[in-house]
Amino acid sequence: MTNDKILLRSGYLAIESRRHTYNQMTNAIDHRLLTVDCRLKSKVQSLMSAFVILSALGGSLSYAATPSQTKGLRSIHSEDLLRHIQYLASDELEGRRAGEEGEWKAGEYIAKEFEKYGLSPQGDDGTYFQFLEVVSGVHLGEENSLEFVHSESRTPHPALKLEEDYIPFGFSSSGELEGEMVFCGYGITAEEYHYDDYADIEVDGKIVVILRHEPQEKDENSVFRGTGFTRYAGLRDKVINARHHGAIGLFLVNDPNNHLDEEDELVRLGYAGTRDAGIPAFHLKRSFLEEMLKKQGKDLKEIQSKIDQDLKPESFSMVGVEVKAYVDLVREKKKARNVVGYLEGRNSHETIVVGAHYDHLGYGGSGSLDPDRSEIHNGADDNASGTAGLLELAEAFALQKSRLRRNIVFVAFTGEELGLLGSNHYVNNPPLPLEETIGMINMDMIGRSKNNKLMVSGVETGKGWKNTLKRLNRKAKFDISYHDDGYGPSDHTSFYSKKIPVLFFFTGVHKDYHRPSDDWEKINTRGLKRVTQLVYRTIQSIQRSSEPPTYVEVASAPRRSMGGGRGYGAYLGVIPEFGFEDEGVRITGVRAGSPAEKAGLQGEDVIIKFDGKGIKDLYDLTYALRSKKSGDAVDLLVLRERGEIALKATLGKRGGGEPVRESEEKEKGEDEMSDLLEVGKPAPDFTLKTIGGRDVSLKDFQGKKNVVLYFYPMDDTPGCTKEACSFRDNLSRIEALNTEILGVSVDGLDSHEKFKEKYNLNFTLLSDEEKEVSKRYGVLSEKGWDKRVTFIIDKNGILRHIFPNVQVDEHTEEVLKILENL
């Protein structure tokens, strides 16, 4: 060995020692210190150069990857990922709401990084920016007014003060409103609870006045799911219901009896969204309604008490008083920007898109899970983490751009939180031909990996992708939950609807999701680096493949709906275009095998009527689907290029897609289950063996925690305990609400005769032959509970709700609402 080689090898070993020491330090210290030692990072990069020189000189070190590939992979650093997140999730950017100054600052930062790495701009007019217009908010115009007028004398009551006595909802229509008033209780029509405030009153052409919330709010035995709110309490649902009954306007007041200890406060403008709901709608101080009713010899508290007691309508015309009002709302439209950078490959006719959205919720509002808190939502995990991964990947592949076989477009999307607006704009205005896009990789919330969990969706949308990921994961060693479908509530949906194979990387929802507490200090930087490196290897495998991936249309129903009711209601199977602003719901596509496909719906259709009722927007379609059940046949009216087309669809079951016959629905329906297990009554006191192997008693949690009790039919399938759960993304949100989740295995059920006798469930173990077929053993029941059953039991031991035949995370939003009110 020459002296030069000896000196070089010695220098290399010294640097390697320093790097090893540095890695040990970074694994031990708080990740706040990860950004400090930039000089040491430079030495690590020098190490990479030393390795390349050694290889050329015949050094003995060996690596499987080529030098350029190794250089790219090893350029992905925890400290760089965290540095990006610390800026993007800083208070300076004020939550990066699409169209706001913080989003623009974030866009500038991303563009400068792209430029530094050597990516070519692929935005509008030779820039990195692709511009689109978004509705960023709503504010009051100058012409708002409201007064109540005596019908006979035409003399007005004293004028009401805007924002003190009343306020229009952010989703109110603008314009003049004049007419007679009708009191309609809670404004609810709930067929399944045999309750209808509109049953005996004509409201066509009139203005309805209704109470907030829903009947028997504090009654644990209420048919409205005890003390938990149902969907009928939603403000938009009440407005849509009033409009469907012919009302021309609506006033809502805070109901008195259950909220006497609370201030009679008006909601903030923009609460519950800003999309025009179709009629003028106001939030009114309760005192004005009480005064008007008093003059008619009526008492609001007594009316509410009677409704809550009998669950019968107490609706009536408010004689002697009319409304004269004008609503002036200005919906703010602002420019937002996708940020697009480009690396050209040797085959310039094949392109891979790598994306992550960089917008978030600003100061909160209707998208926040703390909607009443006007605080900066920094969105460190959602989705500064995915954006940081995007930047590191852009740098990594830029280091080997001369060796790329295929083009790579890196896109930081805006408007995802407003409904996939940025990605939808991209696929409709692609800087490179969309027909040459062979695959899309999406990263959304990849910064909070827990217990080595990772979820990857879309694995069957490209032929062979699942096997490739399994091979790549042998080195990454994640506990991956694979999902076949290419649809979901993130930007890859826009691409899959255009028949492009997609992969979606996601580490799960947590208690800080869509809350002001999603801050950079909680990022798992080590896990984030590992996810980013796995995505790198995935893209590299697509780069090196001799053939582009083949698109596969996956015939599966959604685990969580996109605008169809958040996991409940009937299933149609359409993929809506969220940015559509005209009347109706334009769809970008339909799911394979869905009721929509069987009915003849096509991409670009605009649904304008559903079951005879006009559809203004996605909220209307959501409301309509929630009011139906599996097996219902509905008439649809759609606009297509050639005009209006009438179709008929038989709705399916959410989570399955196929319609269930009426007889089957009744056999397995919730009403029958409620007869067996009495909601509002004490749950049985018995001991359970959980899937995690623990022997627990419900008594252990009484007075301490609420319990979500989850009976799982397959003992070899992950259950819902902390030790083993494939749904941790949603379950962590449930666990955060002082709740214990218990997953119960079949052997646990079989051993508890007391439980079987009390509720007549008759669970039976399968035969040995059937066990072998089902890869272990399952559950059979005379009452049809042949799948999963979930109970909610409060800390006082009272059974609050039953979800038969569903996975617990399919009803996460409903479970959360119930638990939040316990």
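Residues are termed buried when their relative accessible area is under 20%, exposed when it is over 50%, and partly exposed in between, with a 1.4 Å probe and protein chains only. Helices (H or I, at least four residues) and strands (E, at least two) are DSSP runs numbered from the N terminus. The structure is a predicted model, in which local features need pLDDT of at least 70 and side-chain atom pairs count only at pLDDT 80 or more, whereas totals for chains, interfaces and linings use all residues. Residues are numbered from 1 along each chain as its sequence is written, and side-chain values use heavy atoms, with hydrogens and water left out.

The buried residues of α4 are Ser78, Glu79, Asp80, Leu81, Leu82, His84, Ile85 and Leu88. For helix α9 (residues 380-398), 19 of the 19 residues are buried, so α9 too is described as largely enclosed by the rest of the structure.

Strands are taken to pair if DSSP finds at least two bridges between them. Strand β4 (residues 166-168) runs antiparallel to β10 and is joined to β10 by three bridges, with leucine 284 of β10 as the bridge partner of tyrosine 166. Strand β9 (residues 249-253), by contrast, pairs with β10 in the parallel sense, over three bridges, and leucine 252 stands opposite histidine 283 of β10.

Charged side chains were examined next. Side chains of opposite charge can pair when their charged atoms come close. With a salt bridge defined as a side-chain nitrogen of Lys or Arg within 4 Å of a carboxyl oxygen of Asp or Glu, the structure holds 26 salt bridges. One of them is formed by the side chains of arginine 337 and glutamate 108, at 3.3 Å from N to O. Because arginine 337 lies in strand β12 (residues 329-343) and glutamate 108 in helix α5 (residues 101-117), this pair ties together parts that are 229 residues apart in sequence. Arginine 337 is buried, with a relative accessible area of 2%, whereas glutamate 108 is partly exposed at 34%.

An α-helix has 3.6 residues a turn, so residues three or four places apart point the same way. Glutamate 290 is partly exposed at 28% relative accessibility, and arginine 286 is buried at 11%. In a further salt bridge, between arginine 800 and aspartate 794 (2.8 Å, N to O), arginine 800 is buried at 3% relative accessibility and aspartate 794 is buried at 5%. Salt bridges with shared partners also join Glu92, Glu101 and Lys105 into one network.

Two buried loop residues were then considered. Glycine 488 lies in the loop between β17 (479-483) and α12 and is buried at 8% relative accessibility. The C-alpha atoms of glycine 488 and phenylalanine 504 are separated by 8.8 Å, the two residues being 16 residues apart along the chain. Tryptophan 520, in the loop between β18 (502-506) and α13 (525-544), is buried at 16% relative accessibility. Tryptophan 520 and asparagine 378 are 142 residues apart in sequence, while their C-alpha atoms are 8.3 Å apart in space.
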